[in-house]
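Please look over the sequence and the structure shown below.

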Amino acid sequence: LNYQNAGAMHLLAISGLHIGILLMILNTVLKPIERFKHGKKIKLVALIAFLWFFAFLSGLSASVIRAVFMFTILSIGLHSGRRNNLGHYLFTALFFSLIIHPGYLFDLGFQLSYAAVLSIITLSPLMQSLWNPNHPILRYFWSLLVISISAQIGVLPLSLYYFHQFSALFFLSSLCVIPFLGIILGMGYFMLVLNQFDYLPEFYLKMYVEVIRMMNQVIEILAGLDFLIFKGVFFTLLLLLFSYMLIAFLISWMRNPSAKGTIATLLSMIILASTLFVEKGLTQTGTSFIVFHLYKQSLVLNRLGGKGFVFESLSEQNTIKQRLLNDYQLEHLTLKLEESNEMNHFFSIGNQRILVIDHPNIKSDLGFKP
């Protein structure tokens, strides 16, 4: 929970961030190979081999395979020297991933990974050019902050749409925790190698545990700043699409400022604001009858405009029930839920009569067809 509130949940999942850090570590370690003849090609083959070895070592989970495949293509792009075409290599990885498994398109991890990397590739060079500090420490933390902000801008609409939550602590967690994460991952990879030779010094293990403990303490302190955590944010699919349209126009304008680009960016802002206003209005009108999926219990909601009447088979508190109702309420900004009522077995919705059968003793021979 502390990692979620601090906007650092992505640090726990083995995905693109970890593979990217592993790639940087390997790139530094294998740098001397470039001095030899055909050293760059040998280094590229070694990098790719190590990445896929790590994928096998971690159990070949879907998220790791996606990330390793993506960074394999990007490594080839970096080796070619065409840094300006990294977007093309990223879309090549995206294209072939979807050919192999089209279902990835609807996977949240897949969407977040590619949105973050695409945003870093396109936005971070523009932000990096705003300031170029001379001091190496300042330059390091500025680069870290730029990459973190770029990634967060890319995944923000998706995060709001799926989780309805935003943590403004992401920049602090990135500055404080990512250096820890680099050390932890580097030590962890080395520990795996030592373990293969049945040689793992106790002092090394204690040092490793201490670094993790320090990182957890930092996260706990950051999570305590709850006034920077915004929960229950109203965000729909249309708002998601128009948000990415605004981001695309904004990046285009930052690359090449022009009158047309300014107009397009302003228009996309107006469209986004208008959509929010219209979507909010739609939540106050219309009716619906919602049947929630709750194991061995019945939970239905009869929505009439801005009011929602909840009916349930059991009156005791249920955390899953509450989450289902909260998620539905987030999609209907102004919906006011009335207190739960005991389950009715007949509902009249417009011209329709609905019969709820959640008990073996309910008769179905009623003289009419509900």
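Glutamate 210 and arginine 213 lie three residues apart in helix 9, so they are separated by about one helical turn; helices here are DSSP runs of H or I with at least four residues, strands are runs of E with at least two, and both are numbered from the N terminus. The two residues form a salt bridge, defined as a side-chain nitrogen of Lys or Arg within 4 Å of a carboxyl oxygen of Asp or Glu.

This is a predicted model, in which local features need pLDDT of at least 70 and side-chain atom pairs count only at pLDDT 80 or more, while totals for chains, interfaces and linings use all residues. Residues are numbered from 1 along each chain as its sequence is written, and side-chain values use heavy atoms, leaving out hydrogens and water.

The whole structure holds five salt bridges, including these:

| Pair | Closest N to O |
|---|---|
| Glutamate 210 and arginine 213 | 2.3 Å |
| Lysine 43 and glutamate 34 | 2.6 Å |

Glutamate 202 and lysine 206 are both exposed, where exposed means over 50% relative accessible area, buried under 20% and partly exposed in between, with a 1.4 Å probe and protein chains only. Lysine 43 counts as buried because its relative accessibility is 5%, whereas glutamate 34, at 26%, counts as partly exposed. Lys31, Glu34 and Lys43 are linked in a network of salt bridges.

Helix 6 bends by about 35° at isoleucine 120, the bend being the angle between axes fitted to the seven residues ending there and the seven starting there.
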